[in-house]
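Student: Could we go through this model together, one question at a time? I would like to see how each answer is reached.
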Amino acid sequence: MVEEVVYKVLENCPGQTEYRYLTFLKEHVDTPIGRIRETYESAEGQPVLLSNLPRFENVEHSKILALLIGQTVGNCVAYSDYNGSYITDIRATELSREKSAGTDLLAMHNDLAWASDVCRPRTLVLVPHMAEGVVPRTLLAPATEVVARLDPAAIEILRSPVFEARSGSSLGWKYERVRKMALLEEAAGKLVVRLNFSAFTPAAHLEGEQRAAAAAAHQQLHDAALAVGRVRGHAALQGEALIIPNDHCLHGRDPIDSGACRRLLLRSYVVPDSVVEHHGRTMISLER
């Protein structure tokens, strides 16, 4: 059934653009995989692995599959000031500015964790179109398991808004925005954790011991996330997909041996209805 839907979308969208695929899905497809939404919503902040999915030779079919899964759990969006794409291809390449395009260990993080509630992606859908040879694991670290490894003192610091998030320098903005944020908090009864490479630093107003303590807590969060990720990692193959709750589960990636692996991963960002309603469209901005 899923395979039939994917073929139907491509046959009826000869322009082969992601926006056309998405529009067709929303207007003409009564999603036949509603059970995925139920599984994801009952996972309580845990990542979900889908298996026994159809495999496609044509990458356009795999893109449609990623969008179909995304639309099942929410609304697929693109960011006008990020890369303007509903699907991002993740693979080792020297020319991409995506951190995930490298071959070294990809640090544990949430995507766009510094963004506000009215634009931040809540869910990531990852669909392997190609996964051959020594496939690296996607490292997965649910927030509850990460926090269980932290010292009480570190947790207290991380729950305080004593970190600055700097954003805009690599986006389509003409300025850099600085926001004070906590890296741990509760939202709708679930634990939210924030890590995003070098985007977060101890706030500028902190001095001496306070600044050192904040930096130590931040590093402890990184270390705990990587430790959990190495336990919970999964090498996603063709016929599988990962659904990651972005606020509640950190992710990263093992190093890639580019000489022993051929891998093309497709990523879709998904948001709830309220975000699309706020922007009035699915091509949204991170500047809100």
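Tutor: Happy to! Contact here means heavy atoms within 4.5 Å. Keep in mind that this is a predicted model.

Student: Leaving aside its neighbours within four places in sequence, which residues is Ser62 in contact with?
Tutor: Start with the setting: Ser62 is found in helix H4. Its relative accessibility is 3%, so Ser62 counts as buried. Once neighbours within four places in sequence are set aside, its contacts are Phe56, Val127, His129 and Leu266.

Student: What is the length of the polar contact between the side chains of Ser62 and His129?
Tutor: His129 belongs to strand E5, residues 123-133. With 9% relative accessibility, His129 falls under the 20% cut-off and therefore counts as buried. The polar contact that joins the two side chains, Ser62 and His129, is 2.7 Å.

Student: Which backbone oxygen does the side chain of His129 reach?
Tutor: Look at what His129 touches beyond four places in sequence: the list includes Phe56, Glu57, Asn58 and Gln238. The side chain of His129 reaches a backbone oxygen at 3.4 Å, and that oxygen belongs to Glu57.

Student: Does Tyr7 count as buried, partly exposed or exposed?
Tutor: Tyr7 lies in helix H1. Leaving aside neighbours within four places in sequence, Tyr7 is in contact with Phe56 and His61. Buried means under 20% and exposed means over 50%, so with 33% relative accessibility Tyr7 counts as partly exposed.

Student: How far apart in space are Tyr7 and Tyr40, C-alpha to C-alpha?
Tutor: Along the sequence, Tyr7 and Tyr40 are 33 residues apart. In space, the C-alpha to C-alpha distance between Tyr7 and Tyr40 is 25 Å.

Student: Within what arc do the buried residues of H2 fall, seen down its axis?
Tutor: Helix H2 covers residues 18-28, and its buried residues are Glu18, Tyr21, Leu22, Phe24 and Leu25. They line one face of the helix, because their arc seen down the axis of H2 is within 160°. These buried residues pack against helix H1, helix H4 and strand E2.

Student: What is the strand order in the open sheet of 3 strands?
Tutor: Strands E4 (106-109) and E6 (138-142) stand at the edges, each with a single partner strand, so one side of each has no neighbour in the sheet. The twist averages 10° from one strand to the next. With antiparallel pairing, the order is E4-E13-E6.

Student: In E13, which residue is the bridge partner of His109?
Tutor: E4 and strand E13 (residues 249-253) run antiparallel and are joined by 2 bridges. For His109, the bridge partner in E13 is His251.

Student: Which helix packs on the sheet?
Tutor: Follow the contacts: the helix touches E4, E6 and E13. Its direction makes about 120° with that of E6. The helix, residues 208-232, is H7.

Student: And in E13, which residue is the bridge partner of Thr138?
Tutor: E6 and E13 run antiparallel, with 5 bridges joining them. Both faces of E6 are covered: Thr138, Leu140 and Pro142 are buried on one side, and Leu139 and Ala141 on the other. In E13, Thr138 has as its bridge partner Arg253.

Student: How many residues does the largest nonpolar core have?
Tutor: In soluble globular proteins, nonpolar side chains tend to be buried together. In this model, the residues with the most contacts inside the largest core are Tyr79, Trp114 and Leu286. The largest share of this core, 6 residues, comes from H7. The size of the largest nonpolar core is 54 residues.

Student: How many residues are in the second, separate core?
Tutor: Val2, Cys13, Tyr21 and Phe24 are among its members. The number of residues in this second core is 37.

Student: What is the phi of Ala188, roughly?
Tutor: Most residues other than glycine have a negative phi. Ala188 sits in the loop between strand E9 (184-187) and strand E10 (190-193). At 82% relative accessibility, it is over the 50% cut-off and so counts as exposed. Although Ala188 is not a glycine, its phi is positive, about 55°.

Methods
Residues are numbered from 1 along each chain as its sequence is written. This is a predicted model: local features need pLDDT of at least 70, side-chain atom pairs count only at pLDDT 80 or more; totals for chains, interfaces and linings use all residues. Side-chain values use heavy atoms; hydrogens and water are left out. Buried means under 20% relative accessible area, exposed over 50%, partly exposed in between (1.4 Å probe, protein chains only). Helices (H or I, at least four residues) and strands (E, at least two) are DSSP runs, numbered from the N terminus. The arc is that of the directions from the helix axis to the C-beta atoms. A polar contact is a pair of N or O atoms within 3.5 Å; within protein, one must be able to donate a hydrogen and the other to accept it, and residues adjacent in sequence count only if both atoms are side-chain atoms. Two strands pair if DSSP finds at least two bridges between them. Axes are lines fitted to C-alpha atoms, for helices over the stretch in contact, and angles run from 0 to 180 degrees between N-to-C directions. A nonpolar core is a set of buried Ala, Val, Leu, Ile, Met, Phe, Trp, Tyr and Cys residues joined through side-chain atoms within 4.5 Å.
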